[in-house]
Amino acid sequence: MKHWVAQALSLLMALCLFLPCFAAAEEAAQTAVTIDFEDGNAAAFSQSGTCTVGVTESQAHSGKQSLRVSGRGSNNWDAVDLSAASLGIEAGAKVHLSACVYVESSEDGVMAIGKAGGDYAYYAQVNVKEWTEISCDFEADAGINIRFLTASDNYLGKNYCIDDVTLTITAPEKVDYSDAPQIHYTSDFTSGTDGWYARSAG
């Protein structure tokens, strides 16, 4: 009997020590965003460097309008940034992004999607010929926007367009920890039953 009680006590102690650290992870929320510029709204986008950003009817992958980046200087950071905050992209969120890009040039070249801060790393690159789809998957950094930019020398200063931008944003998991105080209990029965008692006549 004493051996059974000791086993039960050990199990109880393990549970008591574990409970304060128990974490409940909520199911990650997922948001889908589509931007096709047909409503003329480009509020989530802003210029980077020396350029002009605006909705145009001169080119479109689908529909009648796209976002055009013009008046660029000779730097690849003369580009357009997509605001992470405006889309509710938090640090640690997992993002799938795709878009169609077009460069006003008779030559093939490279377009990229990358970070607009931090280490300015590229998320994806694609060789462009007419309208071309580019896509990437990444985990968002805090406060860093998403940049659409040219990535080959022959595209420096060239105007380009973006259309049919889609994002699937999976929010980082929220983990709630118990704030209950830790419980530490010992009992070795050297002074009797230490308050343990039978629930029946046993």
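Predicted model: local features only at pLDDT ≥ 70, side-chain atom pairs only at ≥ 80, totals over all residues.
Reader: What is the secondary structure of the chain?

Author: The chain comes to 1 helix and 13 strands.

Reader: In what order do the elements run from the N terminus?

Author: The order is α-β-β-β-β-β-β-β-β-β-β-β-β-β.

Reader: How much of the chain counts as buried?

Author: Of its 202 residues, 36% count as buried.

Reader: What share of the contacts with a separation of 6 or more comes from residues 24 or more positions apart?

Author: Such pairs account for 75% of those contacts.

Reader: On to the core. Which residues of the largest nonpolar core touch the most other members?

Author: That core has 41 residues. F45, L82, I89, L97, I146, F148 and L167 touch the most other members.

Reader: Take L97. Where is L97 found?

Author: In strand β7, which spans residues 94–103.

Reader: Is L97 buried or exposed?

Author: L97 counts as buried because its relative accessibility is 0%, and the cut-off for buried is under 20%.

Reader: What does L97 touch, leaving out residues up to four places away in sequence?

Author: L82, I113, I134, S135, C136, F138, I146, F148, T166 and L167. As for I169, its C-alpha atom is separated from that of L97 by 8.6 Å. Those two residues are 72 apart along the chain.

Reader: And I146, with the same exclusion?

Author: I146 touches V80, D81, L82, I89, L97, I113, G114, A116, F138 and L167.

Reader: Switching to cysteines. How many disulfides does the structure hold?

Author: It holds 0 disulfides.

Reader: Are C51 and C100 buried or exposed?

Author: C51 counts as buried, at 7% relative accessibility. C100 also counts as buried, at 8%.

Reader: Last one, S152. Where does S152 lie?

Author: In the loop between β11 (146–150) and β12 (160–170).

Reader: What does the side chain of S152 reach?

Author: The backbone nitrogen of V110, at 3.0 Å. A polar contact of 2.8 Å also joins the side chains of S152 and N154.

Reader: Which residues does S152 touch beyond four places away in sequence?

Author: G109 and V110.

Key:
Residues numbered from 1 in each chain as written. Heavy atoms only, no water. Disulfide = S-S within 2.5 Å. Buried < 20%, exposed > 50% of the residue type's maximum accessible area, 1.4 Å probe, protein only. Core = buried A, V, L, I, M, F, W, Y, C linked by side-chain atoms within 4.5 Å. Contact = heavy atoms within 4.5 Å. Helix = DSSP H or I, 4+ residues; strand = E, 2+ residues; numbered from the N terminus. Polar contact = N/O pair within 3.5 Å; in protein donor to acceptor, adjacent residues only side chain to side chain.
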